[in-house]
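Please open the model in your viewer and keep the sequence panel beside it. The stops below say what to select next and what is there.

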Amino acid sequence: MNYKLLINGESVDSTTKLEVINPASGEVFDSCPSADGALLNEAVAAAKVAQLTWKKSLLSERQRVLKEIATSIASNREELARIITCEQGKTLDFSLFEVDAAQNFCEWFSNQEIPGKKVIEESELLRVEQTRVPLGVVGCITPWNFPLLQAVYKIAPALLTGNAVVVKPAPTTPLSTLFLGQIIKGIVPAGLVNIVSGGNELGALLSAHPDVAKISLTGSIETGKKVVSSS
């Protein structure tokens, strides 16, 4: 399959490739683009622009987009499961479970509400309100063990709350996330979801990027320490 990055609503290739090994055979079974810092910057810039419009969107519109993403995941269930099995090593039944969980999670978030203003304290001298506002661009760094599910875990709540995302999957299991990008690129507004695969150095660049407001990381303690120190 010809995997591509998703940047600003477009399928993007790179001159450098990342080889993906099937853990069952120990052999390379496919490859995908390996993004560099310049492509990452393009992805973050696209997300930053898209978020300015998205943060003003109605909650009903955000919910609709998430419902369509869930439907697209369900429609591509078998292919997503096949890719997960090849890149991660799960049995096909377990991979189907992961795809179904991702679809259900996205569907669940599509039905959630966002609380409005809440008055914490009000008196003649003081009024304190709690208001929830979008952060901006969220960098999502996902692990190898549940590549699709963890990506959706991060994308769905970020979009619901008015943010844009740049997703960087684990270098050992990038393919199911890249395929997710291809099947949803006609659903989400251009730039709202960007997916860039590459080595561990790409995660460090994403974590330290000045236009990324939040990092959502699922990974090791050591990786978490590096993200905190760089952000």
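At the start of α1, which backbone nitrogen does a side-chain oxygen of D36 reach? Select D36 and A38: the side-chain oxygen of D36 comes to within 3.2 Å of the backbone nitrogen of A38. Before moving on, note that this is a predicted model, in which local features need pLDDT of at least 70 and side-chain atom pairs count only at pLDDT 80 or more, while totals for chains, interfaces and linings use all residues. Residues are numbered from 1 along each chain as its sequence is written, and side-chain values use heavy atoms, with hydrogens and water left out.

Next, select residues 37-54, which form helix α1 (helices are DSSP runs of H or I with at least four residues, strands runs of E with at least two, both numbered from the N terminus). Its 18 residues reach 25 Å from first C-alpha to last, close to the 26 Å expected at 1.5 Å a residue, where the expected span is 1.5 Å times one less than the number of residues. Now colour L39, L40, A43, V44, A46, A47, A50, Q51 and W54, the buried residues of α1 (buried means under 20% relative accessible area, exposed over 50%, partly exposed in between, with a 1.4 Å probe and protein chains only). These residues cover an arc of only 165 degrees around the axis, which puts them on the same side of α1; the arc is that of the directions from the helix axis to the C-beta atoms. Turn to the other side of α1, where V49 and T53 are exposed.

Move on to α5, residues 147-160. Its 14 residues should span 20 Å at 1.5 Å a residue, and its end C-alpha atoms are 20 Å apart, which agrees. The helix is mostly covered, with 12 of its 14 residues buried, among them V152, I155 and A156. Just after α5, G162 takes a positive phi of about 90 degrees.

Then show I69, C106, V152, I155, A156, L180 and I184, which line the largest cavity (a cavity is a set of points on a 1 Å grid over the protein atoms alone where a 1.4 Å probe fits but cannot get out, and lining residues have an atom within 4 Å of a point). The contribution of α5 is the most, with 3 residues, and α6 (175-184) also supplies at least two.

Finish at L192, in the loop between α6 and β9 (193-195). L192 counts as buried at 1% relative accessibility, and L192 and V165, 27 residues apart in sequence, are 6.2 Å apart in space, C-alpha to C-alpha.

Terms used: 1 Å grid on protein atoms, 1.4 Å probe; cavity = no way out; pocket = protein on both sides within 12 Å on 5 of 7 lines; lining within 4 Å. Polar contact = N/O pair within 3.5 Å; in protein donor to acceptor, adjacent residues only side chain to side chain.
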